[in-house]
Structures are given as structure tokens and as C-alpha cells.
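Hi,

Here is the structure I promised to pass on.

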Amino acid sequence: MKRWTLWVPLTLFLGFCVLAGYQLTQPKDDFVVSRMIGKPLPDFDLHAASLDRPALASSYFHDGKPHLLNVFASWCIPCAAEAPQLEALRRRGADIAGIAIRDRPEDVADYLTRYGNPYSRIGSDDLSQVQLDIGSSGVPETFVIDGKGIIRYQHIGDIRPDDVPLMIGKLREAEQ
Amino acid sequence: MIAELGLVALWLAASLAALQLVTGALAQQVGGDELAVLTRPAAIVQGLLAAFAFLMLLVVFGQTDLSVKLVAMNSHSEKPLIFKLSGAFGNHEGSMLLWVTIMALAGAMIAAIEHRLPEKTMLATLAAQAFVGLGFYAFLLFSSNPFERLPTPALQGQGLNPLLQDIGLVFHPPTLYVGYVGLSVAFSFAVGALVTRQVTPDFARIMRPWVLGAWIFLTLGITAGSYWAYYELGWGGWWFWDPVENASLMPWLAATALLHSASVLAARDALRAWTIMLGVVAFSMSMVGTFLVRSGILTSVHAFAVDPERGTFILALLAINIGGALLLFALRAGTVAEGKRFSVLSREGALVFNNVMLSAVLGIVLLGTLYPLVTEAFNVRVSVGPPYFNPVSAIFVFPMLAVMAVGPLLRWRQDGMQRIGRPVLIVALVALLVLAGGWTFASIHLLPLLGLAFSAALAIAAFMPLRGRNLRLLPIATWGMVAAHFGIAVALFGMASESAFSKEKLAAIEAGGSADVGPWTVVLTDVVPTAGPNWTALEGQMLASYEGGPPIAIAPQSRNFWAPPQETTESALVTRWNGQLYAVVGRETAEGRWQLRLWWKPFVIFIWLGGALVALGGLLALIGRVLADLKRRTVKARAAERRAESAA
Amino acid sequence: MTGWMKPKHQRLVLIVIALASLVGAGLLAAWALRNQASYFFVPTQMVTAPPAPGQAVRLGGMVQKGSIKTMPDGVTITFLVGDGENTVPVRFSGIVPDLFVEGSGVVAEGRLDPSGTFVADNLLAKHDENYVPRELKDMTDRQKAQIVAETEVGK
């Protein structure tokens with residue numbers, strides 16, 4: 001067999017690696033970035049999702065202070081996984097408002113006793129209407145809203161321990 | 001506690017793999033073999049530890065320990081135990097652990113029982129096995145830890161995809177994985193042989209049973225997967241050219257080619273470099289297929305399940321393992337001595353032709369699977385389906401089948417056309433008769449018609465090697481070949497018949513109404529709600545009668561699972577020797593009628609029967625090879641004894 | 001046919017045949033892929049630059065509210081698939097997938113008939129409940145692409 005033919009398999013395989021590598025570096029369509037960033041929060045008025053926290057309306061975000069808006073659900077495991085990080089954010093002074101998606105009050109109560117309750121207010125979005133309006137495509141997601149009710153940042157997926165400083169930084173930015 | 005035990009076992013197994021790699025590699029250096037004795041024990045203990053880790057994962061799933069993240073994400077306490085256990089490998093992390101476990105066990109097996117190769121080649125092989133294994137251990141431990149705990153245990157698990165809650169699926173992934181990962185042994189043998197430049201007929205003889213074993217499992221896995229898709233998806237099809245299916249077909253094609261080229265190497269000492277390359281390619285196809293499916297670059301998995309980091313990790317593993325092996329091949333294969341020569345018209349020639357055609361089909365499937373990725377780089381979205389795969393692969397499959405009919409009749413090294421003229425003529429005549437008959441009496445499309453003709457010819461040709469031989473003295477391995485080739489004919493007949501003669505009926509009927517499909521009359525007696533352990537369903541109760549015969553009760557369902565919430569279609573089947581009735585119940589239309597979809601699929605069952613026969617052929621060949629080997633060993637041992645006696 | 005050839009030449013012939021077949025397979029595959037791959041269209045593309053009638057393509061978009069109609073045979077449905085700008089009428093005979101409802105994303109496999117109706121052989125709809133269908137009004141190209149990607153999961 002000719003010597004050069006021995007290199008053909010390796011060359012073909014390298015071609016495959018380049019293609020696959022290129023595809024991996026492409027931003028995946030799995031995550032849809034909200035087109036709402038830089039835009040005001042749409043108007044909504046949700047009823048309370050739990051007995052010990054007040055209901056949530058969009059007017060809450062117009063008090064001149066930055067807030068975190070966390071979209072979660074009691075049936076969502078990554079949400080439970082991010083609960084300690086939300087608690088850490090709360091202890092570092094962040095105010096966190098929650099929206100529970102398609103949930104039942106008793107499930108939410110169970111969830112909060114189990115994983116802790118870092119929320120100052122929780123609205124119940126029974127039909128995912130608000131979730132859609134703010135451009136969220138799944139749970140959990142966390143938004144940074146500035147004091148004028150403008151969406152400044154969107155975090156998709158659970159907040160991992162290394163993301164906490166980033167979220168704090170985004171909150172600081174929103175303060176200015 | 002149990003999860004932590006599993007994790008510790010996994011770390012220990014990984015460090016033993018590192019030890020195995022170092023001692024095996026050092027032994028290749030002059031004077032580096034002081035520690036070489038550790039290599040085999042390291043491989044064996046590594047295998048046991050990996051198996052222990054996997055067992056621990058099964059235990060946490062069996063107990064539904066919701067403090068383990070993987071259990072919480074993929075299981076539910078209200079699931080039957082068998083599905084709790086299968087949930088352990090119905091997800092990314094668990095299936096990677098299964099992969100590593102099988103790989104470590106395969107390494108342990110060759111370390112424990114394989115003593116025929118030169119020890120240096122064996123050590124290089126074990127080092128290669130450890131090297132590939134280490135990459136996967138790193139992947140598991142650093143980016144896919146199956147034993148990760150949740151900070152606070154979950155209240156209830158999220159459940160397993162209901163489509164996967166099927167008894168067939170309990171056995172299907174492990175079967176396929178044994179096939180995929182079993183090929184890693186061939187890969188390591190090939191690398192070992194390249195390192196020591198020992199590519200001999202003995203090498204092929206030793207590698208062959210391992211390839212056969214993996215190939216049997218692959219064949220069974222593909223056959224079972226196809227049957228699962230057939231009855232579970234409710235679409236009436238049995239092969240969809242879906243990336244997941246292609247990922248299992250490609251290693252099978254490569255392994256089939258490898259089996260045949262290893263036969264040439266074992267019997268005639270030819271095709272040395274080619275066999276080595278196929279050894280590398282076969283397992284590479286297992287890894288590439290798994291990568292394409294797992295990285296999410298071909299089929300995207302939902303919301304947050306895919307971590308782009310993981311794709312990068314697997315790609316790096318692929319680049320190092322496959323790239324390294326192919327580089328070694330490019331550098332070393334030229335220095336492997338050229339094998340024996342043979343004439344074009346000979347057993348070797350036919351097997352080379354079969355190899356080239358199999359490789360061509362492999363290339364076609366690979367290109368078709370990758371093409372959407374290529375166009376996506378240019379922002380064009382395409383999907384590639386049967387209109388591409390069927391005709392293009394047929395162009396190479398049919399010539400291959402023709403040579404497959406004739407090849408086993410040829411002699412090694414050189415043969416003449418006049419010697420095999422008569423049997424070839426008979427086989428060709430049968431094919432032509434079927435072609436002509438099908439053409440005149442039935443309007444059948446070209447591909448199914450060719451399929452029918454070739455299956456008839458092949459079914460006869462498969463038994464021709466038995467002609468004029470004493471059947472009692474025939475080696476078991478030859479029976480294996482006959483069974484496997486006949487299995488191909490049977491499967492081909494099923495495929496062609498399903499495609500040529502299937503009848504379909506789509507109707508909306510009220511309870512009490514009836515519909516005809518082919519020779520069947522189906523009466524819908526009632527639609528009733530029913531419930532199972534974790535689902536509720538609407539069940540269409542029907543009475544089906546074949547050509548006015550006694551009615552047979554069937555009950556297809558449309559099922560609703562609640563954890564996670566999802567609907568699935570449960571088809572109902574009536575199997576006769578000459579075909580299957582396939583019934584699906586759909587939705588209720590506004591006027592109280594029910595949608596029914598019925599198929600009559602003549603001889604469809606032959607597809608999977610054929611697949612099973614092919615696997616049985618593989619099993620016979622494996623038994624034959626192993627027995628012959630044991631015999632050879634005893635004969636050798638006796639000869640040595642006699643020599644020792646006469647010397648004394 | 002073998003007597004006149006030296007073994008050396010026979011070997012060369014084998015290698016040449018093998019390489020030629022493999023290259024041939026590659027070329028054939030490339031040619032067939034260009035012709036047989038089924039391209040993905042959104043309704044706007046389907047209206048402005050339609051594929052040739054009869055060519056196998058896929059159409060993806062949202063099922064328009066109030067557009068699903070069942071024909072008298074009880075198994076044929078028609079509906080409109082839209083992307084916010086244009087809509088394409090679709091006809092399908094068979095049992096629709098479980099999560100096929102108005103307002104959901106769908107990918108239809110099939111072909112355009114000469115009258116401009118898309119005849120679907122197969123419908124793919126998203127299987128996963130945790131996924132929330134996006135509103136049609138703010139569908140960007142990437143979102144359309146995502147609907148397709150997510151819809152294919154169930155396949």
C-alpha cells in the first residue's frame with residue numbers, strides 16, 4: 001500500500017474534528033436570550049403564591065432599587081439545586097422576588113420549607129403568561145431589574161456557586 | 001453513604017487505570033519491565049471496582065435516594081422497580097458510568113484469560129485500554145459525576161421519560177453498550193500490535209473472538225432497537241435513519257468488515273494494515289456515534305440538560321484517542337511487513353470486495369449523518385432521511401450481497417470461474433426468476449423488487465457451502481457463517497416484503513363500526529379508560545379477524561403518564577406466520593368517532609427474525625472458534641508432553 | 001482472467017478498485033445529499049421563495065389559533081402554520097402527535113402541492129411539558145430555529 005494512503009484516515013478524522021469543534025463553539029440555540037434586555041418589565045399583577053409572602057406586581061420594581069427576579073417552580077430540580085445560591089445572594093443584600101410557574105400553593109409551601117425561602121415576594125404565574133412576556137423560556141431563570149423597572153441582565157439555568165459574584169456585580173451595575 | 005462508596009470506588013478504579021497505563025507503557029522500554037507484573041492485576045481490580053461503582057448506582061436508584069441529584073432528576077418513587085433500575089442508565093451520567101464499567105470489565109477479562117500473544121504486545125494492549133479508559137474516568141469524575149448530592153434532598157423525583165419506560169428498553173442500552181465498548185478491545189489490540197509491530201495471523205485469531213462477541217451484542221442491540229421503535233413510536237416504520245440509529249449502525253458496519261478481514265488475516269496472512277485500521281475505525285465509530293448523540297450537536301436535548309462543556313470534553317477525548325491511534329497507524333503501518341498476495345478471483349478477493357462495499361456504506365451513512373452539521377455551518381438547515389440513505393446505500397449493498405452469495409464458494413488464494421460456474425448460474429437464475437415474476441405480476445418498486453430477488457437467491461446461496469461436505473465434520477464456525485448469511489437473506493426478505501406489500505388504513509369510526517385492511521377486518525367494540533402503575537390510558541378494544549376467521553381481541557392504547565406528564569401511543573400487534581397486524585388508536589373526533597390507524601405488514605417479523613439469526617450465526621462462530629482454539633492448545637500441550645517423554 | 005496478471009499487478013488493481021469505489025461512494029453521496037436532503041422552510045420563505053412542488057422539505061412554525069379543521073373523513077386535518085408574517089395552509093392525514101395543539105410549535109415533513117397547500121406526511125410536535133411554547137409575536141430567527149431543534153427531540 002502506498003505510504004500516503006496511510007494518512008488518509010487521519011486526515012479525514014481531523015476534518016471531522018474541525019467540523020465538530022466549529023459546531024461546538026457556535027452559540028447553541030438551546031438558550032434563547034431574551035430580547036427584553038434594556039426594555040422595561042412588562043406590566044403584570046400576580047396573586048400571591050404562598051401564605052407568608054406578599055403578591056407580586058410589576059409596580060414593585062419601580063422603587064429606585066435594583067432587584068433580582070427569580071423564575072422557579074416546585075417541580076423543577078435545578079431550582080432546588082440553586083436554592084443555596086439564592087440564599088447566599090440574599091445574605092449579601094440582594095432583594096429577590098420570585099415567580100412560581102404553574103404551581104400549586106401547597107407544593108410551593110412544601111418547597112419553601114424544604115429548600116429555604118430567600119424571596120421577599122412571590123407571585124404565582126399559573127399559565128406561564130408573565131414568563132413568556134419577560135422572554136424566559138424555562139426554569140430556573142433569574143433577571144436583574146434596575147430601580148426603574150428596566151431588565152438589565154438575564155441568567156438562564158441554575159445559578160451555580162461561581163455565578164454568585166457575577167450576579168452581585170450585575171446588581172451593582174444596575175444600581176448606577 | 002452508598003453514593004459516596006460508589007464515588008470512592010470510581011476514583012480508585014481511575015487510579016488503577018493510571019497505574020495500568022504507566023506499567024504497561026514502561027514495559028515497552030528496554031529495562032522498564034520491573035513493574036510490568038502489576039499491569040494485569042491492576043486491570044482486573046480496576047474492572048471489579050468499576051463494576052462495584054455501577055452496582056452502587058443501581059442501589060441508590062433502587063432505593064430512590066432523592067438526595068442524589070441524578071436520582072431526583074431521573075426517577076420517581078412511584079415507578080415499578082425494574083424501571084427504577086433502568087433509570088440508572090437512562091440518562092447521560094449513568095450511561096457514561098455503564099460505558100466505563102463495561103470497558104473496565106472487558107480490560108479485566110483480557111488481562112485475566114488472554115495469554116497467547118507475546119507478553120509485550122499484551123502489555124501494550126492493556127496500556128492502550130487503560131489510556132482510553134482514563135479519559136472516560138476523567139470525564140465522569142470532573143464533568144458528569146453520577147453520585148453528586150443535592151444540598152437538600154428533593155421531595156419527589158422528576159421521573160423518567162415515559163417513552164423509555166418499556167421493558168425492551170431495560171435491556172436495550174446495556175446490550176448496545178456491550179457491543180460499542182466491546183469493540184474497544186479490538187481497538188486496544190490494534191494499537192498494541194502497532195506498538196510492537198506484531199501483526200500476525202495469530203494476532204487476528206486472538207482478536208477475532210472479542211470482535212465476534214461485541215458484534216453479536218451490536219447485532220442484537222440494533223435488532224431490538226429497531227423492533228422497539230417499530231412498536232413503541234406507533235408510526236409503523238422499523239428504521240428511521242435517525243442519528244441515534246445511525247450511531248449504532250456505523251460501528252456494526254465497521255465491525256462486520258473487521259470480522260471478515262480478520263478472517264483473511266487469520267487464514268491467509270494478508271490484509272494486515274487494513275485489518276489494523278478497521279480495528280481502530282470500529283471503536284472510533286462507537287465513540288463518534290456516542291459523541292454526536294451525546295454532545296447535543298445533532299439532536300438537541302431539552303432545556304438545561306446539555307452542558308456545552310461536556311461536548312468539548314468528549315471531542316477532546318475523541319481527538320486524543322482516535323487521532324492518536326490513526327497517527328500511530330500512519331507512522332507504523334508502512335513498516336508492518338506486507339502480507340501474502342492473492343488473486344482477484346479468490347476467497348480473499350471476495351472478502352476484500354465485501355470490505356470495500358461495507359466501508360462505502362459506512363462512509364455514506366456517516367456523510368448523511370454529518371451533512372446537517374456541514375450545512376448548518378453555512379446557516380442552512382436540512383434533514384437527511386430515507387430519500388438519501390435508501391437508494392444511495394443500495395447502490396453498494398446489492399453488489400455486496402451478490403458477492404456475498406458467491407464468496408463462500410471460492411477457494412483461498414486463487415480460483416477459476418469454471419469451478420463455481422454451476423452454483424452461480426443456479427443462484428443467478430433464481431434471482432432473475434423472482435425479478436421477472438415480480439415485474440410482470442405485481443407492480444413493485446425497484447428497490448423492494450431487487451430486495452425480494454436477492455433474498456431468494458441469497459437464501460439458497462447461503463447453504464451452497466454445505467454442498468458435498470460431510471455435515472457431521474463441518475466446523476461449527478462454518479455453520480455460524482451459513483446461519484448469519486441466511487439471516488441476512490431472511491431480514492432482507494422481511495424488509496422488501498414490508499416495503500412492497502404493506503397495506504395501510506386510516507379511518508375514523510364509531511364504537512361498533514369496522515374497518516378493513518388487507519385480509520383483516522377490525523371491529524372497534526368500545527373505547528374505555530384504563531390505568532397502570534403510573535399512567536392512565538384510553539384503550540381501544542377491538543376484534544380483529546383474518547379472512548373472516550375467529551376474532552382476536554386487541555387493545556391499543558393512548559397513554560398519559562404523570563411523572564413526567566406525557567402522552568405515548570401503545571400499538572397493538574397480532575402476529576401470524578405470514579405477517580403482522582399493527583393497530584394504533586388516536587383521538588376522538590368531534591362526532592364521537594375514533595381515529596384508527598391499521599397496517600397489515602406481510603412477513604415484517606422476518607426483519608427481526610433475520611437479525612436474531614445473524615446474531616445466532618455469530619454465536620455459533622464464536623463457540624466454534626473458542627472450541628477449536630482449546631483443541632489446538634491441548635494438541636500442542638500433548639505434543640510437548642510426548643516430546644518431553646521421548647527426550648527422557 | 002487471472003493467469004495473465006502478475007501478482008504485483010493484481011495487488012495494484014485491487015487497491016485502485018478499492019480507492020475508486022470509496023471515492024465514487026463519496027462523490028455519489030455528496031451529489032445525492034445536495035439533491036435529497038430535505039431543507040427547512042419557515043412560512044415566509046415558503047411564500048417568497050417556495051420549493052419546487054413535490055420536493056421533500058420541512059416546514060416549521062406555529063399552528064395558528066383557530067385554524068385546525070377536521071375533514072368529514074375524521075382523519076384528515078387542515079391548519080395554518082405561521083411565523084408572524086406569513087401563513088401556509090397544511091393538510092395532514094393521520095393521527096396527530098400528542099402535543100399538537102393550536103398555538104404550539106410544529107414541524108411538518110412533506111411537500112408543497114401545485115395549489116400551494118403543504119401536504120404533510122408526518123408532524124413532529126414538542127413532547128416535553130417543561131418546555132413553554134413561545135409567543136408568536138416575538139419569534140426571531142433563532143427562536144424559530146429553536147422550535148425546530150426542540151421539536152425534533154421527540155423523534
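B:Glu547 is exposed, as 8 other C-beta atoms lie within 10 Å. Before you read on, bear in mind that this is a predicted model.

If you want to find B:Glu547 on screen, go to chain B and look in the loop that runs between strand E5 (535-546) and strand E6 (552-554).

There's another residue of this kind in chain B. B:Arg197 is not a glycine either, and has a positive phi of about 55 degrees. Look for B:Arg197 in the loop between H7 and helix H8 (201-232) of chain B. Is B:Arg197 buried or exposed? It has 12 C-beta neighbours inside 10 Å, and a residue with 12 or fewer is classed as exposed, so B:Arg197 counts as exposed.

Now for the helices. In chain B, helix H7 (residues 167-196) packs with helix H5 (residues 92-113) at an angle of about 50 degrees, and the two axes are 9 Å apart. H5(B) and H7(B) are therefore oblique to each other, and their crossing is right-handed.

Which residues make that contact? From H5(B) you have B:Ser95, B:Leu98, B:Trp99, B:Ile102, B:Met103, B:Ala106 and B:Ile110. They meet B:Pro173, B:Pro174, B:Tyr177, B:Val178, B:Val181, B:Gly182, B:Ser184 and B:Val185 of H7(B). Sorted by class, the contact of H5(B) with H7(B) comes to twelve nonpolar residues and three polar ones, with no charged residues.

Last, the sheet. Chain B has an open sheet of four strands, in the order E2-E11-E10-E9, and the pairing is antiparallel. Strand E2 (503-509) and strand E9 (572-576) of chain B stand at the edges. Each has a single partner strand, so one side of each is left without a neighbour in the sheet. On average, neighbouring strands of this sheet are turned by 15 degrees against each other, direction ignored.

Where E2(B) meets its partner, strand E11 (residues 594-602) of chain B, the two pair in the antiparallel sense over seven bridges.

Cheers

Note on methods
Residues are numbered from 1 along each chain as its sequence is written. Chains are lettered from A and ligands numbered from 1 in the order in which they are written. This is a predicted model: local features need pLDDT of at least 70, side-chain atom pairs count only at pLDDT 80 or more; totals for chains, interfaces and linings use all residues. Axes are lines fitted to C-alpha atoms, for helices over the stretch in contact, and angles run from 0 to 180 degrees between N-to-C directions. Angles under 35 degrees count as roughly parallel, over 145 as roughly antiparallel, 65 to 115 as roughly perpendicular and the rest as oblique. A crossing is left-handed if the near helix is turned anticlockwise from the far one by less than a right angle, and right-handed if clockwise. Two residues are in contact if their C-beta atoms, placed from the backbone, lie within 7 Å. Ala, Val, Leu, Ile, Met, Phe, Trp, Tyr, Cys and Pro count as nonpolar, Asp, Glu, Lys and Arg as charged, and the others, Gly among them, as polar. A residue is buried if 20 or more other C-beta atoms lie within 10 Å of its own, exposed if 12 or fewer, and partly exposed in between; C-beta atoms are placed from the backbone. Two strands pair if DSSP finds at least two bridges between them.
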